[in-house]
Each structure stands twice: as C-alpha cells, then as structure tokens.
Amino acid sequence: MEWDLSDLYLSPEDPNLERDLAEALNLASSLDPKDLLHPSRAEGLFRRYEEALEKAYKPLNYASLYFATRTQDPVAKALLDRVRNRYTEVRNRLVPLEVALRKLPEEAFQALLEHPSLADLRHFLQRQRAYAPHTLSEREEELLNLKGLVGRSAWSQFYTEYTGRFRFRVGERELTEMEVRALRRDPDPKVRREAHRELYGKLMAEAPTLSAVFNAVFLDYLQDLRLRGYRHPLEPVALRDEVEVKDIEALLEATRAHYPLVEAYYRWKARRLGLEKTPSPDLLAPLAKEKPKVPFEEAQDLVLTAFHRFSPEVGRIAREFFEKRWIDAYPRPGKRGGAFCSGGLPSTHPYVLLNHTDDLDAAHTLAHELGHGVHFYLARKQRLLNFGASTPLAETASVFAEILLDDLLLERLSPEERTLLLAERVEDAINTLFRQVMYTFFERRSLEARREAALSPEAFHGIWQEEQGRLYGDAVEWTELDQAAWAGIPHFVHYRFYTYSYALGYLVVLALYGKYQEEGKAFVPKYLGILEAGESQSPKEILAQAGVDLASEAFFQYGFGVLESWLKALL
C-alpha cells in the first residue's frame with residue numbers, strides 16, 4: 001500500500017500549491033499588530049493569522065511527505081527546498097504580530113484574555129505570553145528564521161538524504177536500513193550477527209561525516225540558547241511542553257534509579273538463551289524458536305480488532321486510514337527509514353509512513369502510528385491554534401494502542417506464548433522508557449561538551465558507551481561496533497531533547513491504562529476527551545480530567561510499580 005497524497009495536492013506541479021503559498025504570503029503581510037489593542041478586532045485578526053499558517057503549512061506538509069518516499073529524487077528535493085523557503089518567508093511576515101503579542105502591555109494582554117470572543121484561545125494566548133522573556137526584536141526573529149534554513153533545517157534534510165542512501169549486504173540481499181534493523185530480531189543468531197555487523201559497521205564507517213552533522217545541530221541549539229537568554233539547556237523544552245525543568249529532571253533521575261530493572265531483565269534473557277550475558281547482537285533476539293510472520297493484511301486485522309474492542313469509534317477512524325490510503329506501508333529504495341505519523345491540519349487529515357517488515361514488531365509499529373493518527377484525527381475538532389498534541393501527550397495514544405494490541409494477543413496465546421509476549425512488553429518498556437532516558441543523558445552530555453569544542457567521533461563513542469553501560473550494567477556483552485549506535489538515531493538531528501517525551505508519555509500511558517482497568521468502558525469517553533482536547537489546555541489540565549496528576553509522587557510510583565510487576569512475573 002502506498003499513500004495517496006491527492007487530498008493535499010495532485011502533484012508537485014499542482015497550481016493550487018503555488019496559489020496557497022501566494023495567498024499565505026498576502027495574508028501574512030496584511031495582518032496589523034495594532035488590532036491586538038482592540039479585543040473586538042482581535043478575533044478576526046487571529047482567524048486571518050490561522051488562515052495564513054494553514055495555507056503555508058499545507059504545501060510544506062505535502063512537500064515533506066512527497067520527499068519522505070523519494071529522498072533521492074531531484075524533483076522531490078527541489079520541491080521541499082522551494083516550499084521550505086517560501087514557508088520561512090511567510091513565517092517572517094508573521095513575526096511582527098507574534099512579537100507584538102508576546103510583548104503586549106499587561107493591561108492590553110489581560111483585555112484579550114477576558115474578551116468573550118477569545119475564550120477558546122485563552123490557553124494559546126497564555127502560552128505565547130510565556131515566551132516573552134525569550135523573544136527578540138522583529139528583525140532578530142526574522143534573521144533566526146533565515147538562519148534555520150541553512151542551519152538545523154539544512155542539516156536535518158542532509159542527514160535524511162545521506163542516510164537514505166545507505167545499503168546493507170546480508171547474505172545475497174541488498175537491504176535498506178529498516179530492513180537490516182528488522183533482521184536484528186531474526187530467530188537465526190547468524191543472521192542477527194551479520195545484520196548487527198552490517199548496520200553498526202556502516203555507522204562506524206560513517207561516524208566522521210555524521211559527527212559533523214551532530215556538531216552542527218548542537219552548536220545551532222547552543223547559539224539559540226545564548227541569543228534567547230535561556231539559562232538551562234532543558235528550559236526551551238520545558239517551556240514548549242508546559243512542564244518545569246525540575247519535572248524533567250525528576251523523570252530522568254527516577255528512571256535512572258530504576259536502571260537495575262533493565263539489568264535484571266537482560267540477565268534473565270541471557271539465561272533463556274543459555275548464556276552468561278546477553279550479547280549485544282541478541283538484545284532484540286526473539287525468545288520463540290520461530291519468528292512469527294505477520295503480513296501487513298494480518299497486522300491490519302489485528303490492530304483494527306484491538307481498536308474496535310476498546311472503542312468502536314476508534315476502530316472506525318483507524319479503518320479510514322486503510323480504506324482511503326492514508327498509509328505508505330512497505331520499505332523501498334529511496335524511502336526514508338523509520339515510521340511516523342504526520343498530523344496534518346484540522347482541515348485535512350493525518351498520514352502514516354511505515355516500513356513494514358512482516359513481523360510482530362512491525363504490527364506494533366502499525367498500532368503505534370495509527371494511535372497517533374487517531375489522536376490527530378480527533379484533535380481536528382479544535383481550531384488550528386489549539387490543534388495538535390503537546391509533547392507530554394504526544395505519545396499517549398500511540399503507546400496506549402500498542403498495549404491494546406498486546407491485550408488482544410495475550411488472549412489468543414498459550415501460557416508459554418504469553419510469557420514470551422510479556423517479555424516483549426518488558427523489552428518495549430525498556431526501549432520506550434529506559435533507552436529514551438539514556439538517549440536524553442547522552443544528548444545532554446554531548447551538548448554540554450559541544451560548548452567547549454567540536455566533538456570527534458571517538459568523543460561521541462565514549463559518551464555513548466558510558467551511558468549505555470550505566471543502563472545495562474554487566475548484563476550485556478558489547479562489541480566494538482556498538483559504540484557507533486548514536487549515529488543512527490535521527491531524533492538527535494531532527495529535534496532537541498524529544499526523546500525524554502517518550503519516557504514521560506510511557507508513564508502517562510501506564511497511569512491511563514490503570515484507570516481503564518479500574519473503570520472499564522466508563523473510562524473510554526475520558527480517554528477520547530484527552531485526544532480531542534488537542535492543545536486547548538495544558539497537559540496537566542487535560543490529564544487531570546481523567547484523574548491523573550503529573551506532579552504527584554504517586555504518578556511515578558505507579559508506573560514503575562507496573563514495570564516491576566511485569567518483571568516479577570517473568571523472574
């Protein structure tokens with residue numbers, strides 16, 4: 001299955017694409033920040049602001065999706081570059097309004113908050129106000145936007161294009177990155193080891209080039225911190241996610257305090273494999289004798305059944321993705337690796353990119369990305385300025401969807417098969433919670449080291465080895481190639497400190513799943529309400545409606561308690 005992008009534009013040459021960009025620029029140029037001083041006129045101002053954003057983002061969304069399946073296509077590259085430049089031009093025309101809003105006199109700002117016509121934008125307005133101390137002059141903001149085109153955005157695109165050309169030889173086959181990563185779960189140890197050598201050998205060989213990319217994006221971020229007056233590298237992230245730096249630090253430290261759970265699991269896995277330690281090529285080794293084949297059609301049926309059992313509405317929404325071809329399913333040359341869900345706009349719909357490899361792990365990925373898709377689909381009830389999913393909630397629906405799939409599978413399995421699936425659930429927790437926190441520690445240490453000088457590949461290797469060693473203890477036997485694994489994690493290039501949100505999101509999901517187990521079907525409307533809320537309120541306010549308190553000690557204790565119970569059941 002390949003996705004159909006015609007709901008956005010018919011082709012890169014579609015005249016509507018250029019028309020939308022032109023209209024976006026005209027709209028952005030016509031906005032008068034003085035209307036902020038008149039609350040009765042501000043509602044119309046924000047409507048036009050939203051329209052300009054929508055007409056600018058829709059072409060960018062199309063160009064990004066088109067490029068994602070054609071990373072080596074000159075037409076796709078040229079389209080993305082051209083649209084990104086035009087989008088930046090529109091964003092720069094919006095800067096005077098955004099700066100004026102953030103720096104509005106307090107009396108005028110309060111008048112906006114209290115005006116009845118702006119009641120549904122109250123949270124948006126408050127979020128904008130929070131950025132006031134870090135907002136520069138109009139000209140400086142424009143220059144930073146332009147810098148982004150040759151800074152982080154350019155390096156991000158280069159990384160995607162460059163790594164998209166990687167090919168790996170396993171046996172007689174030439175594979176893409178996602179295909180060779182899938183072989184790390186192959187039942188045959190020889191295949192796993194060959195895939196491991198190919199994948200990490202390539203990353204080791206490419207480390208000099210990829211370290212230059214990492215150095216560039218880290219320096220770009222450090223410059224932004226200095227220019228905007230942030231005192232802590234996590235401060236922009238905390239502001240974006242509407243949490244405190246201390247909340248993020250508490251999550252990181254609480255997770256690190258539970259690292260022994262990871263070491264205990266991999267000691268158990270080594271015994272199951274008949275070994276003293278788990279060799280690194282076997283970290284993802286299946287414990288079953290045969291790797292279950294899960295073709296895309298079967299994965300579709302499993303996921304839709306799991307979704308429908310939880311909520312017929314969720315099942316109906318997910319089915320649309322298949323019926324209307326909002327999914328691009330299989331890997332192919334030139335297609336970017338990994339998987340993602342592009343949320344789109346309230347006026348459009350989400351799209352899902354997969355690299356399905358016909359196994360159970362790929363079925364979980366399908367559930368994960370469709371969870372995102374359902375989240376964005378339901379959030380379309382919000383207007384554009386309240387649309388989306390704030391980072392603490394961004395992984396809520398995706399991880400929850402994987403657990404729903406596991407619940408279905410557990411009912412269909414024998415006792416031994418249930419033990420194996422429970423082991424997979426623990427490994428998923430390790431990869432979604434613990435490894436993501438390890439990534440965050442690696443990113444933070446690398447960023448701090450970048451303040452002094454550019455890091456050599458060996459410096460990145462050293463930091464990675466130390467953080468990985470802390471997570472797994474003495475339970476894993478590493479190879480020399482494992483130290484280059486950092487170079488193959490695109491989150492370090494495309495985002496800053498996004499990986500911690502997977503950990504936070506996982507704990508949120510465990511708390512919500514606990515509520516579901518307690519309340520049954522009565523919980524479903526609360527869950528759908530969380531997804532429908534988008535960003536109309538803060539994450540803490542949205543979750544409080546379902547009885548989850550992000551700031552409580554019980555929040556952490558509950559999540560790690562669930563993980564301990566899973567591990568105890570195995571041990």
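How do the residues of the lining of the second largest pocket divide into nonpolar, polar and charged? That was my opening question today, and I kept in mind that this is a predicted model. I found 6 nonpolar, 6 polar and 8 charged residues in that lining.

**Entry 1: the second largest pocket**

I looked up the volume next, and the second largest pocket holds about 380 Å³ of space. Its lining is made by 20 residues. I asked myself which of them lie nearest the centre. They are Ala130, Ala238, Leu239, Glu242 and Val243.

Then I went through the helices. I noted that α5 (122–130), α10 (235–241), α11 (245–257) and α23 (539–544) each bring at least two residues to the lining of this pocket. The largest share belongs to α5, which contributes 5 residues.

**Entry 2: on to the cavities**

How many cavities of 30 Å³ or more does a search of the whole structure find? I got 2, and I took them in turn.

**Entry 3: the largest cavity**

For the largest cavity I wrote down a volume of about 80 Å³. Which residues line it? My list reads Leu261, Val262, Val426, Ala429, Ile430, Phe434, Leu563, Trp566 and Leu567. By class I counted 9 nonpolar residues, with no polar and no charged ones.

I traced the lining back to its helices, too. At least two residues each come from α12 (259–272), α18 (415–450) and α24 (553–570). Of the elements, α18 gives the most to this lining, with 4 residues.

**Entry 4: the second largest cavity**

The second largest cavity came out at about 60 Å³. Around it I found Phe307, Val314, Gly371, Val374, Ala397, Ala401, Leu404, Tyr527 and Leu531. Two or more of the lining residues come from each of α15 (360–379), α17 (396–411) and α22 (524–532). Which of the elements supplies the largest share of this lining? I have α17 down for it, with 3 residues.

I sorted this lining by class as well: 8 residues are nonpolar, 1 is polar and none is charged.

**Entry 5: side by side**

Key:
Residues numbered from 1 in each chain as written. Predicted model: local features only at pLDDT ≥ 70, side-chain atom pairs only at ≥ 80, totals over all residues. Heavy atoms only, no water. 1 Å grid on protein atoms, 1.4 Å probe; cavity = no way out; pocket = protein on both sides within 12 Å on 5 of 7 lines; lining within 4 Å. Points joined across faces, edges and corners; volume = space filled by probe spheres on them. Nonpolar A, V, L, I, M, F, W, Y, C, P; charged D, E, K, R; others polar.
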